[in-house]
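This report describes selected features of one structure: a sheet, a helix and the surroundings of a ligand. The sequence and the model are shown first.

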Amino acid sequence: MQRDIMRYLNPSLRDIAAYSVEGGQQAAIKLNQNESPFDLPMWLKEAIVSEFVREPWNRYPDILPYRGTKAYADFLGVPAEGVMMGNGSNELLYTIFLACLGPGRKILVPDPSFSLYEKLALLLQASLVRVPLKASLDFDVDAIIQSAQEESVDFVVLSSPNNPTGKSITFDDIRRIASSCDALVLVDEAYIEFSRQDSALPLIEEFPNLVVLRTMSKALALAGMRIGFAIGRPELIAEIAKPKIPFASSRLAEITLMHVLENYAIVTDAVSYILNVRDELYGELLSVQGVEPFMSDTNFLVIRVPDADAVFRKLIGRGILVRNVSGYHLMKNCLRFNIGLPDENSRLLDALLAINGGMA
Ligand code: PMP
């Protein structure tokens, strides 16, 4: 019998692609996934592992990881009931989207924004209301508010600071959005530690419809450990946690998180290095011929070049892997790269100077 496997599957799968990273995940100089260039020091890794070996590996961890949740709640100064820990913030995006969306439900997504939002919305057969950013790649807050009201959306997702642009929404504008629409507002603060804007966290007291998402993959340098958090009012978190995968966080992730929070000076030092280099590199890129850098509130920079595909390939030829974000709306000929180690940044700068013919 001839079998069409697509017939057995969710029809939405036809419209979505598996998550992939152009150019792969290996390179001599890897700047394409907004990771931290600093691994944890060996003494800290050893302390984590020696605690982990004393844990029972044959037993399930807690259904919801109580220790890690409590540690992060204490760190933020919020009640543990208002915090949900996940296996990376991606897992929490799946959880929250499952809790909020389905056929007949509407989600507003600024365009461009983190690609997973649209993918999940399509998978769940929700209707998508895309609100374009401004040509400067800044958020169009008035347009967001207007569309949210006119389209009566159920869910607004804002990556602030935004991946892939690096731009933020101000605290006051998040308040305007949360107060003006009758929707759940998710503020994904994956890059907040690098932002000039304040976190939306204090607004949770004011708005029962606000959820803040955090990741430990960027500033906390734990991308390999898969740790993320959602923070909101306890009564909201209790509801949106219902679709959560049970036992999704490993004991190792919980222990690692607790150790890193106890040694937070490591994070603060890394963040100040990244902020200094980011702003310095932005200034240097302004004077590279054919390169237009955008101001960033994250650990990455976006540049516009005359031919992004060609520059992307030439950088790969020099062992430097960046992200080609040209396919995104308004981002034609743009490349994105995170701040690396000093030598990596200077090799990137030298390469851009060589490829583009020197100083402007
Ligand atoms: N949100 C945004 C805006 C991101 O850029 C990323 C990572 N690229 C994530 C969420 C997911 O991060 P993680 O699953 O590693 O916590």
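## Sheet

Two strands are taken to pair if DSSP finds at least two bridges between them. The model is predicted. On that criterion, four strands form an open sheet in the order 9-10-13-12, and their pairing is antiparallel.

Three bridges join strand 9 to strand 10 (residues 300-304), in the antiparallel sense. Phe294 has Val302 of strand 10 as its bridge partner. Helix 9 (residues 265-286) packs on the sheet and touches both strand 9 and strand 10. The direction of helix 9 makes about 10° with that of strand 10.

## Helix 3

Helix 3 comprises twelve residues, 89-100. From its first C-alpha to its last, helix 3 reaches 16 Å, which is close to the 16 Å expected at 1.5 Å a residue.

A residue counts as buried if 20 or more other C-beta atoms lie within 10 Å of its own. Nine of the twelve residues of helix 3 are buried, so this helix is largely enclosed by the rest of the structure. The buried positions are Ser89, Glu91, Leu92, Leu93, Tyr94, Thr95, Ile96, Phe97 and Cys100.

## Ligand surroundings

The ligand is surrounded by 13 residues, of which the closest are Gly88, Ser89, Asn90, Thr215 and Ser217. Ser89, one of these closest residues, is also among the buried residues of helix 3. Classified by residue type, the shell around the ligand contains nine polar, three nonpolar and one charged residues.

Notes:
Residues are numbered from 1 along each chain as its sequence is written. This is a predicted model: local features need pLDDT of at least 70, side-chain atom pairs count only at pLDDT 80 or more; totals for chains, interfaces and linings use all residues. Helices (H or I, at least four residues) and strands (E, at least two) are DSSP runs, numbered from the N terminus. Two residues are in contact if their C-beta atoms, placed from the backbone, lie within 7 Å. Axes are lines fitted to C-alpha atoms, for helices over the stretch in contact, and angles run from 0 to 180 degrees between N-to-C directions. The expected span of a helix is 1.5 Å times one less than its number of residues. A residue is near a molecule or strand if its C-beta atom, placed from the backbone, lies within 6 Å of it. Ala, Val, Leu, Ile, Met, Phe, Trp, Tyr, Cys and Pro count as nonpolar, Asp, Glu, Lys and Arg as charged, and the others, Gly among them, as polar.
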